[in-house]
Amino acid sequence: MIIFNTDLDNTLIYSYKHDIGPAKRNVEIYQGREISFVTNKTYELLQIVKKEMLIVPTSTRTIDQYNRIDLGIGNFKYALVCNGGVLLVDGVKDEKWYQESLRSVSLSTTAINTALKILEGDSRRKFELRLIEDLFVFTKCNEPEKVVLDLRAQLHTDLVDVFNNGEKVYVMPSNLNKGAAVLRLKAMLKPDFVIAAGDSEFDISMVVKADRGFVPDGFKKKYGIDDAIYEVGSNSIFSESVLEECIKIKAELS
């Protein structure tokens with residue numbers, strides 16, 4: 001069995017703000033608006049890949065945010081959401097997995113609470129504070145890069161990681177990451193091979209722990225990574241390149 005752990009946003013699906021050309025189909029509606037899309041080619045390749053391996057969406061999205069997505073190729077047996085802290089099995093939250101996640105982040109509780117207090121009084125915050133599934137902190141800020149630097153200076157960064165993705169700011173327990181989730185799922189399902197793909201800082205731990213990890217062109221330089229991961233998609237859309245690589249790997253292993 002081959003597992004394909006894949007990030008969603010900007011890896012498989014793209015916001016309406018991202019130009020992926022006219023040949024596309026809607027995969028997410030929010031408040032009556034079409035907000036996320038896949039290319040027609042991605043849709044076709046996904047159907048092929050799903051027949052060849054176990055696709056496991058692996059996202060920082062919440063359960064509700066994940067459930068808004070419909071790729072049009074049927075349901076997935078497994079999905080990792082909340083940065084790997086929650087495992088969905090046939091769409092249902094696996095309680096054993098979740099309780100193990102809570103135990104694993106318990107040492108970071110004090111730092112998470114400190115982050116909440118700091119952000120509560122930060123004038124640059126422009127969105128509500130959310131403690132996602134009692135696992136990590138999420139909000140949106142003006143000057144997010146500066147907010148991240150300030151948080152890192154005030155928090156125990158051996159216990160929590162602080163990231164921003166555009167205006168979105170996250171404070172994550174250091175051991176709540178996609179790489180740890182990939183290893184947990186690997187121990188549970190015992191696949192023969194694991195492929196992973198992602199486009200952001202959240203995905204680094206995942207792609208480096210997979211047997212074959214894929215990132216967009218320029219990713220390694222951007223994040224200063226020397227690990228043996230593969231950059232693809234310099235002349236095409238990343239989602240299409242990644243899925244084509246999955247098909248090649250399946251042929252290599254057959």
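This is a predicted model: local features need pLDDT of at least 70, side-chain atom pairs count only at pLDDT 80 or more; totals for chains, interfaces and linings use all residues.
Figure 1. C141 counts as buried, at 1% relative accessibility. C246 is buried too, with a relative accessible area of 0%.

**Figure 2. Helix α1 and its buried face.** Helix α1 covers residues 40–52, which makes 13 residues. From its first C-alpha to its last, α1 reaches 19 Å, close to the 18 Å expected at 1.5 Å a residue. The buried residues in α1 are T42, Y43, L45, L46 and V49. Seen down the axis of α1, these buried residues fall within an arc of 165°, so they line one face of the helix. An α-helix has 3.6 residues a turn, so residues three or four places apart point the same way.

Figure 3. Helix α4 has twelve residues, 109–120. The distance from its first C-alpha to its last is 16 Å, close to the 16 Å expected at 1.5 Å a residue. A111, I112, A115, L116 and L119 are buried in α4. Viewed down the helix axis, the buried residues of α4 fall within an arc of 145°, so they line one face. The face turned away from this buried side carries T110, K117 and E120, which are exposed. On the buried side, α4 packs against strands β9 (130–132), β10 (136–140), β11 (160–165) and β12 (168–173), as well as helix α5 (144–154).

**Figure 4. The largest nonpolar core.** This core has 48 residues, and F4, L71 and I195 touch the most other members. Helix α9 (residues 238–253) supplies the largest share of the core, five residues. Apart from this core lies another, of 20 residues, which includes V56, A196, M206 and V215.

**Figure 5. Contacts of I195.** I195 is one of the residues that touch the most other members of the largest nonpolar core. Leaving aside residues up to four places away in sequence, I195 touches I2, I3, F4, N5, M53, A210, R212, F214, C246 and I249. Among these contacts, C246 is buried, at 0% relative accessible area.

Terms used
Residues are numbered from 1 along each chain as its sequence is written. Side-chain values use heavy atoms; hydrogens and water are left out. Buried means under 20% relative accessible area, exposed over 50%, partly exposed in between (1.4 Å probe, protein chains only). Helices (H or I, at least four residues) and strands (E, at least two) are DSSP runs, numbered from the N terminus. The expected span of a helix is 1.5 Å times one less than its number of residues. The arc is that of the directions from the helix axis to the C-beta atoms. Contact means heavy atoms within 4.5 Å. A nonpolar core is a set of buried Ala, Val, Leu, Ile, Met, Phe, Trp, Tyr and Cys residues joined through side-chain atoms within 4.5 Å.
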